[in-house]
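Dear colleague,

Please find below the structure that I am handing over to you.

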Amino acid sequence: ALPMGSAHQPSFGLEDDISPQEALIQRVKQWRQQAVRGSAGRKFSKDISDAYEYRCVFSGQRLPRLEITESAGVDSAHILPWSTHDINSVRNGLCLNKQCHWAFDEGILQLAFDNIGNNYIISLPKKIKRAASKASFDLAYFESMTGPIPKTRLPKNCALWPSPVYLAELNRYMSGV
């Protein structure tokens, strides 16, 4: 119970220094961006899933939605983030299972295009191996995927294969160069 005469004031929201009108304007902007992203995002996801036939390009697992599940076991991952590049092309996407999507986004798994061998190569960066060793982080699942990706895991239409330019840009960013 509160002592007699003391006023109870909730502590939440006291640091907010924008007016209700500004908050509403910001919320409307967010809503509009999500609405635009929503339809474009759904199209991107469908285009990626269709192009890769619901197969994780890293693991080779085919994980479509089942009639008794809410969703497929794969995600449509952007190579260059949508939030910074706004590229919803299939060439800026990969079909990845949920764990591979996380590992790709975190830089645990890296994908590069090898111009000499004309193929895509999955690798584990040295800094990831060092950090994993220190933390007793089990890399076995990810190590099993390293090396060239079989072309059978890529879209049948080679015009939809991941852009080597986008991959190089992502890898430059992830390496801090």
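In this predicted model, an open sheet is formed by 3 strands in the order S3-S4-S5, with antiparallel pairing. Strand S3 (110-114) and strand S5 (147-148) stand at the edges; each has a single partner strand, so one side of each is left without a neighbour in the sheet. The antiparallel pairing of S4 and S5 runs over 2 bridges, and Ile121 stands opposite Pro148 in S5. Helix H6 packs on the sheet, where it touches S3 and S4, and its direction makes about 130° with that of S3.

The largest nonpolar core has 36 residues. Those with the most contacts inside it are Val57, Phe58, Leu94, Leu96, Leu109, Leu111 and Phe142. Among the elements that give two or more residues to this core are strand S1 (74-78), strand S2 (93-97), strand S4 (119-123), helix H4 (126-135) and helix H6 (164-175). The largest share, 4 residues, comes from H1.

Leaving aside neighbours within four places in sequence, Leu111 is in contact with Phe58, Leu94, Phe104, Tyr120, Ile121, Ile122, Ile149, Leu167 and Asn171.

Finally, I draw your attention to Trp102, which is found in helix H3. Trp102 has a relative accessible area of 39% and is therefore partly exposed, since this class lies between 20% and 50%. Apart from neighbours within four places in sequence, Trp102 is in contact with Ile108, Phe137 and Phe142. Trp102 and Asp75 are 27 residues apart in sequence, and their C-alpha atoms are 10.0 Å apart in space.

Yours sincerely

Definitions and conventions. Residues numbered from 1 in each chain as written. Predicted model: local features only at pLDDT ≥ 70, side-chain atom pairs only at ≥ 80, totals over all residues. Heavy atoms only, no water. Core = buried A, V, L, I, M, F, W, Y, C linked by side-chain atoms within 4.5 Å. Buried < 20%, exposed > 50% of the residue type's maximum accessible area, 1.4 Å probe, protein only. Contact = heavy atoms within 4.5 Å. Pairing = 2+ DSSP bridges. Axes fitted to C-alpha atoms, helices over the stretch in contact; angles between N-to-C directions.
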